[in-house]
Amino acid sequence: MPLIDRDPLLLTPGPLTTSLRTKQAMLHDWGSWDAAFNRMTGQLCRQLLDIVHGAPSHVCVPLQGSGTFAVEAALGTLVPRSGKVLVPDNGAYCARILHILQVLDRAVVHLPFAEGQAMDAAAIGAALQADPAITHVALVHCETGTGIVNPLQEIAAVVAAQGRALIVDAMSSFGALPIDVRATPFEALIAASGKCLEGVPGMGFVLARREALQASAGQCHSLALDLHAQWQYMEKTTQWRFTPPTHVVAALVEALQQYQAEGGQPARGARYAANRERLVQGLQALGLRPLLDAALQSPIIVTFHAPAHPQWSFPAFYEGVRQRGFILYPGKLTQVETFRVGCIGAITPEDVDQVVHAIGATLRQLGLLPGACAA
Ligand SMILES: *Cc1c(COP(=O)(O)O)cnc(C)c1O
């Protein structure tokens, strides 16, 4: 029996804890042909574009499915079969882009960086210079596998200067970290409903440069993931091409109203940063060490070293914290034992204090405190 009689708070990078208002927005049914629902979709797409000031140059194409579906759709639609993609890699979601491109049989150039090291714009520029056949660069803005944030604006400038196209997986940063397409030129940027916008999971969206999308007709390997076809159908009919995730759309519309009321990206980013400060300070006081240098650490998710103790077991730790009302995330690193705590979702620094308390109590219960945590 859990000790706390409420839904556990999700300290995870999606799905995440949503507000009551957002959950209540789903207590209706909508028809996919209904004009009221299709107006919601149109309004939603305009608002998503406005977050990056993209309306003059870009279009928003929503897509059913989890975020990876939208990444695969963007790569499959926008990279021609004769294209070649440079993939800078400092973590698990970069590796997923590589995997998608391999499945799609597109030529790739892998540019690895150490886990825990930010991508280097100059190294990306050098790789582009060395290989004029590269048409696209595909990268992850905030690498959720570790929590590292990559220097997107610098990289975008280098890619633009070399005349190549940039495709950005901004899944875990969109809405929380500043991105302005006028200063950070991109061909396409991909995000999803259930991350920093604090909607529920179920749809991704791609903000694509209008001319690039126009030029991509017939290029996609897939029927259902063809962004050009999805876009054209929506332009003609205002409807989704296949059954829309109606409740997800309604929840995201409501979540965006709260996003604007909170103060948009600056306020959302500031709340997450405050969550991160409380978390890092609180867990450091228990003897736990974050993986990354503070300068590289995003306000999205923090990776901590597991206690270097023979009694450490992530499943036991997870269960103890869950019983106290919070859900954590396992590590995703290949080399060191870690666990991750998300800072995003409808949670405040006061909630994070409770998480720290629950983690301390669990470590004590497992015999890992006091003093057992120092690695
Ligand atoms: C969440 C996330 C995705 C998408 O993952 P899904 O499980 O398909 O939703 C992709 N990239 C990054 C960086 C993410 O954080």
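Here is a short walk through this structure, starting at the ligand and moving on to the nonpolar cores. The model is predicted, so to speak of local features needs pLDDT of at least 70, side-chain atom pairs count only at pLDDT 80 or more, and totals for chains, interfaces and linings use all residues. Residues are numbered from 1 along each chain as its sequence is written, and side-chain values use heavy atoms, leaving out hydrogens and water.

Let us begin with the ligand. Among the residues around it are Tyr93, Arg96, Asp169 and Lys195; to be near, a residue must have a heavy atom within 4 Å. By class, this shell holds four nonpolar, five polar and three charged residues, with Gly counted as polar and Tyr, Cys and Pro as nonpolar.

Now look at the polar contacts, which are pairs of N or O atoms within 3.5 Å. Serine 66 has a polar side-chain atom 2.5 Å from a ligand oxygen, and threonine 144 likewise places a polar side-chain atom 2.5 Å from an oxygen atom of the ligand. At glycine 67, a polar backbone atom is 3.2 Å from a ligand oxygen.

Next comes the protein interior. In soluble globular proteins, nonpolar side chains tend to be buried together. Here the largest nonpolar core has 82 residues, and Leu75, Leu166 and Phe174 are among those with the most contacts inside it. Such a core joins buried nonpolar residues through side-chain atoms within 4.5 Å, where buried means under 20% relative accessible area (1.4 Å probe, protein chains only). A second, separate core of 28 residues includes Leu279 and Val341.

Terms used. A polar contact is a pair of N or O atoms within 3.5 Å; within protein, one must be able to donate a hydrogen and the other to accept it, and residues adjacent in sequence count only if both atoms are side-chain atoms. Buried means under 20% relative accessible area, exposed over 50%, partly exposed in between (1.4 Å probe, protein chains only).
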